[in-house]
Amino acid sequence: MRLAGQLAALALTAAVFAAFNLGMYQLLTRRLSNNFSDASRAQMVDVGQYLPFEDGSDLPEIDASLTLTGDLPVLDGAAALVPVYAAVIDSVYPQGCVTYEGGSFSSDNYYGENFAPDSVMQYNNTVRGYQAIVDGSTDILFCASPSQEQLDYALSMGVELKFVPIGLEGFVFFVNSQNPIENLSSSDIRKIYSCEYTNWSEVGGANRVINPVTRLQGSGSQTVFEAFMGDTKIGIKSPLAIAGGSIGFSFRYYMDGMVGNEGVKMISVDGVYPSSENIKNRSYPIITEFYAIYRSDNENENIPLLIDWLLSEEGQELIEKTGYVGIK
């Protein structure tokens, strides 16, 4: 009798564990296995690939008619636009104007640069770059549109910024290369980021949790993303989403040309793929301008010379050769 009771207790315990394991499988394992994770792993641009006046740099060459002398404007910008402003320096600035702390370039710090204070090339990226242009340590900033906080900071410091559009770029969404999704509508994307849609099956994909990934507040891509969302509020995703199939966003050339990753793929939006041609003909639905930005009270006479050159046929050719689309 006692043995029968013990066996019954063991059977009940086994049944409870089996039920628990089945529940966890249904809740987590089945939903999250093969979940296309790691689709938006953070990657830093390799600034060392785009150093002016260095043999082997990935910078285009053109026959520029402009050569700047005298008070050389200090250039800075977003990670995605390093190739543009580095190519400008390489094309129209004199050699010796890009200098490094310690005498040579080093990638042993957070942003992958060690430009000296007297160097005409700096790399503060978007968030610190907007502060630098307002504070006056940078003369021209190459960036996408500012966030409201960045505009408010300039206003609080009594600084008026001039924004000159010099090129076009596509704002893209990307997923893991194993994710079968190839296209999403703008409405689908907004519903994903508002957390109305939480599973890829709701947009024609696999039965996997969606992990909608955003970027650092104040970064160029985050600011453009928030503009894309418009009045649609960004939702609070489930804790389970971190193990789900990711979707992220960035700028086309940054994704495709600078930090190319075979593990991820850009997707079409509203049925249009973000190719250079579709950005140029404006059929791709999310196109943003990028700017040469300077303080209106900056009296450096080389600034208007450089801005005019960027908008000239030569300057636009250089922008096209870096992999972006000219504004004209």
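Biologist: Which residue takes a positive phi just after H3?
Modeller: Gly136, with a phi of about 95°. This is a predicted model, and its residues are numbered from 1 along each chain as the sequence is written. Local features need pLDDT of at least 70, side-chain atom pairs count only at pLDDT 80 or more, totals for chains, interfaces and linings use all residues, and side-chain values use heavy atoms, without hydrogens and water.

Biologist: How many helices and strands does the chain have?
Modeller: The chain has 10 helices and 10 strands. Helices (H or I, at least four residues) and strands (E, at least two) are DSSP runs, numbered from the N terminus.

Biologist: Back to H3. Which of its residues are buried?
Modeller: H3 covers residues 125-135, and its buried residues are Asn125, Thr126, Gly129, Tyr130, Ala132, Ile133 and Val134. Buried means under 20% relative accessible area, exposed means over 50%, and partly exposed is in between (1.4 Å probe, protein chains only).

Biologist: What do they pack against?
Modeller: The buried residues of H3 pack against strands S1 (75-77), S2 (140-143), S3 (161-176) and S9 (287-295). They also pack against helices H4 (148-156) and H6 (220-229). A contact here means heavy atoms within 4.5 Å.

Biologist: Why does Asn125 count as buried?
Modeller: Because its relative accessibility is 17%. Asn125 also has a positive phi, about 65°, although it is not a glycine.

Biologist: What is the phi of Arg282?
Modeller: Near 65°, which is a positive value in a residue other than glycine. Arg282 is in the loop between helix H8 (276-280) and S9.

Biologist: And H6, how many of its residues are buried?
Modeller: 8 of its 10 residues, so H6 is mostly covered. The buried residues are Gly220, Ser221, Gln222, Thr223, Val224, Phe225, Phe228 and Met229. They pack against H3, S3, helix H5 (186-193), S6 and S9.

Biologist: What comes just after H6?
Modeller: Gly230, which takes a positive phi of about 60°.

Biologist: Where is Ser250?
Modeller: In strand S6, residues 245-251. Ser250 is buried, with a relative accessible area of 4%. Leaving aside its neighbours within four places in sequence, Ser250 contacts Gly170, Phe171, Val172, Phe174, Arg215, Ser221 and Met255.

Biologist: New topic. How many disulfides are there?
Modeller: The count is 0. A disulfide is a pair of cysteine sulfur atoms within 2.5 Å.

Biologist: Is Cys143 buried or exposed?
Modeller: Cys143 is buried, at a relative accessible area of 0%. Cys97 is buried too, with a value of 9%.

Biologist: How many residues are in the largest nonpolar core?
Modeller: 75, and those with the most contacts inside it are Tyr93, Phe142, Phe173 and Leu306. Helix H2 (residues 82-92) gives the largest share of this core, 8 residues. A nonpolar core is a set of buried Ala, Val, Leu, Ile, Met, Phe, Trp, Tyr and Cys residues joined through side-chain atoms within 4.5 Å.

Biologist: Which residues does the second core include?
Modeller: This separate core has 11 residues, including Tyr130, Val134, Val159 and Ile293.

Biologist: Which residues line the largest cavity?
Modeller: Among them are Thr126, Cys143, Glu169 and Gly220. The lining divides into 8 nonpolar, 3 polar and 1 charged. Ala, Val, Leu, Ile, Met, Phe, Trp, Tyr, Cys and Pro count as nonpolar, Asp, Glu, Lys and Arg as charged, and the others, Gly among them, as polar.

Biologist: And what is the volume of the second largest pocket?
Modeller: About 210 Å³. Its lining has 5 nonpolar, 3 polar and 4 charged residues.

Notes: 1 Å grid on protein atoms, 1.4 Å probe; cavity = no way out; pocket = protein on both sides within 12 Å on 5 of 7 lines; lining within 4 Å. Points joined across faces, edges and corners; volume = space filled by probe spheres on them.
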